[in-house]
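Please look over the sequence and the structure shown below before reading on.

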Amino acid sequence: MENKEGMDHLVALKVMRLTKPALISPKIVTCDFKDLPGNILNNYLKDDATSVVGMETLAAGQFLLLPQSFGNIYLGETFSCYVCVHNETNQPVQSVSIKADLQTSSQRIPLSTQQHQSSVMLDVDETLGDVIHHEVKDLGTHILVCEVTYMSNYNTLASFRKFFKFEVMKPLDVKTKFYNAESDEVFLEAQVQNITSGSIILEQVSLESSQQFIVKSLNETSDGKSVFGDVTLLQTQESCQYLYCLSPKPNIASDIKLIAAAKNIGKLDIVWRSNLGEKGRLQTSQLQRMTPEYGDIRVTYENLPSKVPVEKPFNIKCKIVNASERTLDLILKLRSHQDSSLIWCGISNRKLGPLEPGGKTYIDLTAVPVNTGLHSITGISLMDLFIKRTYDYDDLGSVYIF
């Protein structure tokens, strides 16, 4: 197989990237008719074929401009190109075939071309062509390597290659924040920013949860419509924020150790369209949260009312979970401070009995509010009889008293 540089080949290779055109608009240079140029500049704009009649100074285009270069591409878009080989001689060329590879910084990807078919014969002025599609999944420099093989006049295989370099850039900047609620739910805030050179439409932003969680999107109204409207349009550098609620599955929620070990949240799947409808898709890597530290004992409130009338008793259901590796022998203490807005009703120094590792127990508490306003629930303590240690819980919930 020959590959001589500088030799005249019997066939010519052409590679053209397939991409949608853009609207071309005139370069606006205008002035007031009282200025020195008068109406010369305005008349020039009116005569410009690319301007819209009656809106010459609005930079509105009415013609399509074909791509002028190989250009760049954004991660998640589909790279498409047309590869063709043309017989420029006055005689047929035998055994013509095309091979194309895409070289990245980490791998070499073979692309689907005529290489999977048998070699063909090209008559005079005949062309062998193929269209290549490839979804770009790597950032950085990409090199399209096209190789043509054919039978020379000396009945030997001749070949030559051409290289086409282009850059794959990042289209979106995704920032995430997590909030671990006391109810074991995890709230995810995802900020999606458009860092392309033009405007895009976010067609879909969804969260594919991991096997430990059930996801609920908080970006729709009760009737299923998006809170952002029918179209989510982002100009360059603009952002849009999405919110999701993840609840642990029943087999995970029943075990505090499994909840603490559930770090993987899921992946964000984003689909957008740009320019004249080009589609792009981007999926993030596995999102991970910082799991909460529960200590030896975890205390949460269930059935806590959001507001109660003043001087009227209300009930609270308290859940106590042993998050340690040893059995706990606990005593419940209720403290009512002089400046507290709640007065506890019931027996203090109540023994709860032994609690096995991972075990849980429920207790019912009653309190009487004495001051109006938003107040924290304070005055609950648990004492471990084995190590004589007291745990105070003074900021686990709030109630509005009216």
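Is Gln 237 buried, partly exposed or exposed? With a relative accessibility of 47%, Gln 237 counts as partly exposed, where buried means under 20% relative accessible area, exposed means over 50%, and partly exposed lies in between (1.4 Å probe, protein chains only).

## Basis of the report

This is a predicted model, in which local features need pLDDT of at least 70 and side-chain atom pairs count only at pLDDT 80 or more, while totals for chains, interfaces and linings use all residues. Residues are numbered from 1 along each chain as its sequence is written, and side-chain values use heavy atoms, with hydrogens and water left out.

## Loop residues

Gln 237 is found in the loop between strand 16 (233-234) and strand 17 (239-248), and its phi is near 75°, a positive value in a residue other than glycine. Most residues other than glycine have a negative phi. Asp 125 also has a positive phi, near 60°, and belongs to the loop between strand 8 (120-122) and strand 9 (127-135); at 56% relative accessibility, Asp 125 counts as exposed.

Thr 104 sits in the loop between strand 6 (93-103) and strand 7 (108-110), and at 6% relative accessibility Thr 104 counts as buried. If its neighbours within four places in sequence are left aside, Thr 104 is in contact with Asp 138, Thr 141 and His 142, where contact means heavy atoms within 4.5 Å.

## Paired strands

Helices (H or I, at least four residues) and strands (E, at least two) are DSSP runs, numbered from the N terminus, and two strands pair if DSSP finds at least two bridges between them. Strand 12 (residues 172-180) pairs with strand 13 (residues 186-194) in the antiparallel sense over nine bridges, and Val 174 has Val 192 in strand 13 as its bridge partner. The hairpin of strand 12 and strand 13 has five residues between the strands, and there Asp 184 takes a positive phi near 75°.

Strand 13 is also joined to strand 17 by eight bridges, and these two strands run antiparallel, with Ala 190 standing opposite Tyr 242 in strand 17. Strand 17 in turn pairs with strand 15 in the antiparallel sense over five bridges, and the bridge partner of Phe 213 is Pro 248 in strand 17.

## Val 215

Val 215 belongs to strand 15 (residues 213-217) and is partly exposed, with a relative accessible area of 30%. Leaving aside its neighbours within four places in sequence, Val 215 is in contact with Leu 207, Ser 209, Tyr 244, Cys 245 and Leu 246. Ser 239 is 24 residues from Val 215 along the chain, and the C-alpha atoms of the two are separated by 23 Å.

## The whole chain

The secondary structure of the chain comes to three helices and 31 strands. Its C-alpha trace spans about 105 × 70 × 35 Å along the principal axes. The chain has a radius of gyration of 35 Å, whereas a compact globule of 402 residues would have one near 21 Å; this radius is taken over C-alpha atoms, and the globule rule is 2.2 Å times the number of residues to the power 0.38.

Of the 402 residues in the chain, 38% are buried. Among the contacts in the chain with a separation of 6 or more, 70% are accounted for by residues 24 or more positions apart.
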